[in-house]
Amino acid sequence: QRIFVKSNVVEVLRRELTARSWRREEVAIGTATDPYQPGEGRFGLMPGILQVFADVHSPVSIVTKSTLVWRDREILAYLQAVAGARVSFTITTLDPEIWRALEPGTPPPRQRLEIMRRLVASGVPCGVFLAPVVPGLTDSPAALAGIAEAAHAHGASWLWASPLRLAPLVK
């Protein structure tokens, strides 16, 4: 019922990344939660975050299911040029019925692939995280091959897959 927004994230990040101790290691954004959730459309924090990384020439990798990442294409292309930036799109299935059941509220996988194609054309390396692979739903050889083929056709430079993993409390 509550959404917490760290509205000072850009200032805090700038302070952290300009510290003498910062080694300009790649930072993974979106591995725990998608940085382009619907609230990002309202709060618009990612452009400032990416600008800080660009200003200090520090690389990032982003994982998302959202097409909102397209909004940040110019800063991502600039960041790629000065330090490195890459985007991975999570694609679980290309089947519309399974997608609606597993990922309600997310953009359709084909739309994500189209945004990936556009980002690649803009100079931002992209790939696909085929995850989670759900036994009995998304794990058929034909379904997996279909995602791999679509990823390749849309310019993906990598494909990574991971099976569904249920933490003990979720089981």
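## Basis of the model

Because the model is predicted, local features need pLDDT of at least 70 and side-chain atom pairs count only at pLDDT 80 or more, whereas totals for chains, interfaces and linings use all residues. Residues are numbered from 1 along each chain as its sequence is written, and side-chain values use heavy atoms, with hydrogens and water left out.

Helices (H or I, at least four residues) and strands (E, at least two) are DSSP runs numbered from the N terminus. Strand E2 covers residues 60-64, and five of its five residues are buried, so the strand is largely enclosed by the rest of the structure; buried here means under 20% relative accessible area, exposed means over 50%, and partly exposed lies in between (1.4 Å probe, protein chains only). In a regular strand the side chains alternate between the two faces of the sheet. In E2 both faces are covered, with Val60, Ile62 and Thr64 buried on one side and Ser61 and Val63 buried on the other.

Two strands are said to pair if DSSP finds at least two bridges between them. Strand E1 (residues 27-29) pairs with E2 in the parallel sense over three bridges, and isoleucine 29 has isoleucine 62 as its bridge partner in E2. E2 also pairs with E3 in the parallel sense, over five bridges, and threonine 64 stands opposite phenylalanine 89 in E3. From E2 the chain crosses through helix H4 (residues 73-82) to E3 in a right-handed β-α-β crossover, a term meaning that, with the strands pointing away from the viewer, the path from the first strand over the helix to the second runs clockwise.

## Serine 88 in strand E3

Serine 88 lies in strand E3, which covers residues 85-90, and it is buried, with a relative accessible area of 4%. Its side chain makes a polar contact with the side chain of tryptophan 158 at 3.0 Å; a polar contact is a pair of N or O atoms within 3.5 Å, where within protein one must be able to donate a hydrogen and the other to accept it, and residues adjacent in sequence count only if both atoms are side-chain atoms.

Leaving aside neighbours within four places in sequence, serine 88 is in contact (heavy atoms within 4.5 Å) with Ile62, Val63, Thr64, Gly127, Phe129 and Trp158.

## Salt bridges

Side chains of opposite charge can pair when their charged atoms come close. The structure holds eight salt bridges, each being a side-chain nitrogen of Lys or Arg within 4 Å of a carboxyl oxygen of Asp or Glu. One of them joins glutamate 26 to arginine 86, with the closest N and O atoms 2.7 Å apart. This pair links distant parts of the chain, 60 residues apart, with glutamate 26 in the loop between helix H1 (9-17) and E1 and arginine 86 in strand E3. Glutamate 26 is partly exposed at 40% relative accessibility, and arginine 86 is partly exposed at 34%.

Glutamate 40 forms a salt bridge with arginine 71, the closest N and O atoms again being 2.7 Å apart. Here glutamate 40 in helix H2 (residues 38-43) is linked to arginine 71 in the loop between E2 and H4, 31 residues apart. Glutamate 40 is buried at 7% relative accessibility, whereas arginine 71 is partly exposed at 33%. Glu40, Arg71 and Asp72 are linked in a network of salt bridges.
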